[in-house]
Amino acid sequence: MHPILEQIRFIGLVPVIKLNDPSKAVDLAKALKAGGIPVAEVTFRAAGADKAIAAIAKELPDVLVGAGTVITVDQVKRAVEAGAKYIISPGFDPEVVGYCIDHGIPVTPGCTNASEVGIATKMGLEVVKFFPAEAAGGLKVLKALAGPFPNMRFIPTGGIGPSNLLDYLAFPKIIACGGSWMVPEKLVDAGDWDGITALAKEAVMTMLNISFEHIGINSSDASVAADTKDALAALLAGAPQKDGNASYFVSNAFEIMKSQGRGKMGHIALSVTNIDRAIRFFSAQGFAFDESSRKRDEAGNTTFIYLQDEIGGFGVHFVLKK
């Protein structure tokens with residue numbers, strides 16, 4: 001997968017922006033970045049899209065600015081000259097796609113049927129846009145479409161919002177979801193950048209779906225841990241128990257360590273839908289992670305990691321939501 005698309009995969013969200021006033025581009029991109037989404041798909045549905053792209057590319061080089069609703073090669077040229085890092089088109093135009101491939105430009109054309117995805121696969125693409133997602137049949141159709149193409153990945157856009165975002169992102173062949181709900185035209189026109197930042201952060205938190213998993217209690221040795229386990233089990237009569245090599249679990253909410261584990265007071269486990277996305281988001285918010293604690297699955301995805309610093313005397317680690 002192209003490095004730009006790989007970065008988008010770690011972010012997980014692509015705001016689709018229609019900018020009627022290019023002078024607002026930088027403030028809008030700053031607002032999105034502050035909310036944890038350093039991505040902007042500026043659509044050519046509005047005049048001056050290339051000017052907006054150029055402003056963002058110049059002032060915020062760490063924001064992944066791209067061009068959307070690109071339907072001609074001329075628009076591709078204008079977008080790239082302005083600084084667009086990727087091209088997204090609503091449909092599959094072989095001329096547009098071919099030009100991008102020939103010039104090494106990441107492109108995700110819109111596809112809604114097997115013929116289009118098949119052509120995209122033959123042309124060497126690894127990611128396509130599924131648009132308009134809900135109008136084209138939603139996740140059920142996307143899953144059926146993805147079946148014959150095991151190596152293809154998708155960015156669905158159209159009709160996706162807070163109510164169905166998690167359903168889409170739970171499908172592993174989706175690398176990100178696009179949409180305009182994070183950047184409503186009313187707020188953009190009003191210059192309500194705090195409102196945009198709030199919506200962006202809300203979208204990220206919806207995507208990560210963070211929740212408390214369990215609390216870890218440290219013990220000086222295994223016998224003390226057993227006493228603690230028995231006491232908790234008596235208080236929570238009938239709660240499930242599990243005896244592991246390093247700890248006991250009671251009620252799935254308490255992990256009693258058989259030794260002095262991580263954290264002066266113990267540890268707290270938080271579950272998220274995607275740990276790599278959580279690392280990217282919280283790193284941008286100023287949190288540091290202990291790389292020595294990171295665990296990965298066979299595909300290289302992070303499955304476990306600790307924050308570097310304790311919070312209130314507790315170590316804090318992320319686990320994948322079950």
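# Working chat on a predicted model

Mentor: Of the 322 residues in the chain of this predicted model, 49% count as buried.

Trainee: What secondary structure does the chain have?

Mentor: The chain comes to 12 helices and 16 strands.

Trainee: And what box do the C-alpha atoms fill?

Mentor: Taken along the principal axes, the box is roughly 75 × 45 × 30 Å.

Trainee: How much accessible surface is there, and what share belongs to carbon and sulfur atoms?

Mentor: The accessible surface of the chain is about 14,500 Å², and 54% of that belongs to carbon and sulfur atoms.

Trainee: Of the contacts between residues at least 6 apart in sequence, what share joins residues at least 24 apart?

Mentor: That share is 61%.

Trainee: Let us turn to the cysteines. How many disulfides does a search of the whole structure find?

Mentor: The search finds 0 disulfides.

Trainee: Where is Cys-111 found, and what does it touch?

Mentor: Cys-111 is in the loop between strand S5 (107–109) and H6. Leaving aside residues up to four places away in sequence, Cys-111 touches Phe-92, Glu-116, Val-117, Val-128, Lys-129, Phe-130 and Phe-131. Val-128 is 17 residues from Cys-111 along the chain, yet their C-alpha atoms are separated by 6.6 Å.

Trainee: Which residues of H6 are buried, and where do they sit around the axis?

Mentor: In helix H6 (residues 114–122), the buried residues are Val-117, Gly-118 and Ala-120. They cover an arc of only 160° around the axis, so they are on the same side of H6. Ser-115 and Lys-122, on the other side of H6, are exposed.

Trainee: What do the buried residues of H6 pack against?

Mentor: They pack against S6, H7 and strand S7 (153–156).

Trainee: Then which residues of H7 are buried, and what covers them?

Mentor: Gly-138, Leu-139, Leu-142, Leu-145 and Ala-146 are buried in H7. Seen down the axis of H7, these residues fall within an arc of 125° and therefore line one face of the helix. Their cover includes H6, S6, S7 and helix H8 (165–169). On the other side of H7, Lys-140 and Ala-144 are exposed.

Trainee: Why would residues spaced three or four places apart point the same way?

Mentor: An α-helix has 3.6 residues a turn, so residues at that spacing point the same way.

Trainee: How do the axes of H4 and H5 cross?

Mentor: The axes of helix H4 (residues 73–82) and helix H5 (residues 94–102) come within 9 Å and cross at roughly 35°. H4 contributes Val-73, Val-76 and Lys-77 to the contact, while H5 contributes Glu-95, Val-96, Tyr-99 and Cys-100. By class, the residues of this contact are 5 nonpolar, no polar and 2 charged.

Trainee: A change of topic, to the backbone. Which residues does a cis peptide bond join?

Mentor: A cis peptide bond joins Phe-131 and Pro-132, with omega about -5°. Pro-132 is in the loop between strand S6 (127–130) and helix H7 (138–146). Most peptide bonds are trans, and most residues other than glycine have a negative phi.

Trainee: What is phi at Asn-209, and where is that residue?

Mentor: Phi of Asn-209 is positive, near 50°. Asn-209 is in the loop between helix H10 (193–208) and strand S9 (211–217). Asn-209 is partly exposed, with a relative accessible area of 31%.

Trainee: And what is phi at Asn-252?

Mentor: Asn-252 has a positive phi of about 65°, although it is not a glycine. Asn-252 is in the loop between strand S11 (247–250) and strand S12 (254–257). With a relative accessible area of 53%, Asn-252 is exposed.

Conventions: Residues numbered from 1 in each chain as written. Predicted model: local features only at pLDDT ≥ 70, side-chain atom pairs only at ≥ 80, totals over all residues. Heavy atoms only, no water. Axes fitted to C-alpha atoms, helices over the stretch in contact; angles between N-to-C directions. Helix = DSSP H or I, 4+ residues; strand = E, 2+ residues; numbered from the N terminus. Contact = heavy atoms within 4.5 Å. Nonpolar A, V, L, I, M, F, W, Y, C, P; charged D, E, K, R; others polar. Disulfide = S-S within 2.5 Å. Buried < 20%, exposed > 50% of the residue type's maximum accessible area, 1.4 Å probe, protein only. Areas by Shrake-Rupley, 256 points an atom, 1.4 Å probe, with all protein chains shown as cover. Arc of directions from axis to C-beta.
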